[in-house]
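Let us walk through this chain step by step. Keep the model in view as you read.

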Amino acid sequence: MPHAVMPRVSTFFRHASTFDISTDLKKAKRRSSSTKRPAYSDRTPSSSGSSLASDDRSVKMPDSHKRLSLGGLHSPKSSSNKIPQTATLDVTIESPPLVFFGPAATSTGALLSGQLVLNIHEDFMAIDSFKMRLALEVTRKKPFHAHCQECSKQCTDLTTWNFLQGPATLQRGEHNFPFSFLLPGHLPATMKGGLSAIDYVLRAVIAPKLGEPIKLAQTLDIKRAIYPSDQPRHSIRIFPPTNLTANCELPAVIHPIGATTISMRIDGVVKRNTETKTQTQWKLKRLTWRLDETQKTISPACAKHAAKLGNVDDAKKGMAHQDVRTVGTDEMKSGWKADYNSPDGMIELEFPFGIRSDSRPICDMKSEDGTEVSHVLIVEMIVAEEFAPIKRPTQVTPTGAARVLRMHFNITVTERPGMGISWDEEQPPLYENVPASPPAYLTGNSELYEGDPIPDYEDLSPLNEAESPMPAPVPDHRTNGEGSSTRVLNIEDLILEP
């Protein structure tokens, strides 16, 4: 059986290897005319240089004949040798969390202190300069010019530390360089909004004599906390032409985390007509509240693009942007108490409001460059008018009239102060605050010492040399019952007599 199959296989390959060129050319022309020829731009470089015979006899190349890459031209990433660093930089913040207590107008700032740690891994390291700066970086997400780096980012150096006055050589080991700075209270807090971002960054640079500079960047998180007042804020809203009056009691500040309660009382909901013995009353149908966050910023123009503004005043201001978003909302359809039997009628309600946890709110702030963030609470109430007899106030008839009562309250969103206090309240008293020396021991009734001058400490004899015996009794003119006379010394005689 195997001997019979081999001749057939060889005959098949001999017939398949022979072909007619003219027949193949005709078939190729028919295929090209029947199918749409691709554009020249769609052709690959290999197809433009192929022959007619290769179109018909093209077969798939086996994997063993594929193109191989040259290993010498492309070295793997693992073979790249990294240059070891001669030194490393690290920063340690020793001061408490940086918090501005109080509003920007009255805040005393925050005290920053820490140490810059330099670890040298070699025996010696020659350094030309070692400096660090505290930068206030403002990034505009909608700059004046979209592709300008100077328009999109402004940097201001608040202070600079020069740790080495000149070139120096340091030995192996750890070297600490302390630093401190008082951040002014009028500066804005760290923020990341939809229009701009404010960051405080510590940037240190070491310039060695040999090698590349060693850099370090440390971002600082600075917050602002406003102390809440002891008494809540009261507000009164009047809604003409009706007699409705809303008395609201709400907190002065709220925090990004947590809920706060607002109390409200609506007076004047009942109007009586004694002649017809009927009354008209307002019924609360629905209450909706939402907390809106408004962010305003001005994108200044750099020196290169300032000419596009035209006026000089506009060049100082730049392009204004505003973004409003809702950070919390809710709706109430029940939960209040209505009293229509009182002289003017009354509706009392209390509801919580707060900020959603996923909204990432920005605390209220206002900076000198025009960036401002504020919050407003909007409360909307829908009231419907009803008609009822005075004796039977429950038998109401809707009149079809309705009104929307809308109120706006400015709300301050701030961080929680916690147990922290301002740096100026925890410091020791200053030199000018220290009182005079302690008062003297002399009083108005005491007498001054007028005896012999008191000797100095150096003039006193040592205790081991003063070993004199006790003085003998001195005879006295007084006599006792046995006929002998002696004098008894008291404390005053021992002090005054030698």
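What is the mean pLDDT of the chain, and what share of its residues reach 70 or more? The mean is 78, and 70% of the residues reach that mark. Here pLDDT is the predictor's confidence in each residue, from 0 to 100. Over residues 1-7 the pLDDT is below 50, and this stretch has zero contacts in the model beyond near neighbours in sequence. A contact means heavy atoms within 4.5 Å. Residues 9-28 also have pLDDT below 50, with four contacts beyond near neighbours in sequence. Where pLDDT is low, the predicted coordinates should not be read in detail.

Some ground rules apply. Residues are numbered from 1 along each chain as its sequence is written.

Now turn to a sheet. Five strands form an open sheet in the order β10-β11-β13-β18-β17, with antiparallel pairing. Strands are DSSP runs (E, at least two residues), numbered from the N terminus. Two of them pair if DSSP finds at least two bridges between them. The edges are β10 (233-239) and β17 (337-339), each pairing on one side only. From one strand to the next, the twist averages 20°; axes are lines fitted to C-alpha atoms, and angles run from 0 to 180 degrees between N-to-C directions.

Within this sheet, look at β13 (residues 259-267) and β18 (residues 346-354). They pair in the antiparallel sense over nine bridges. T260 stands opposite F353 of β18.

Next, the cysteines. How many disulfides does the count come to? The count is zero, where a disulfide is a pair of cysteine sulfur atoms within 2.5 Å. Take C302: the closest cysteine sulfur, in C151, is 3.3 Å from its own, too far for a bond. C302 counts as buried because its relative accessibility is 8%. Buried means under 20% relative accessible area, exposed over 50%, and partly exposed in between (1.4 Å probe, protein chains only). C363 is buried too, at 18%.

Finally, find H321 in strand β16 (residues 319-332). H321 is buried, with 18% relative accessibility. Leaving out residues up to four places away in sequence, H321 touches K142, L195, Q295, K296, T297 and S299. A polar atom of the H321 side chain lies 3.3 Å from the backbone oxygen of K142.

Terms used:
Predicted model: local features only at pLDDT ≥ 70, side-chain atom pairs only at ≥ 80, totals over all residues. Heavy atoms only, no water. Helix = DSSP H or I, 4+ residues; strand = E, 2+ residues; numbered from the N terminus. Polar contact = N/O pair within 3.5 Å; in protein donor to acceptor, adjacent residues only side chain to side chain.
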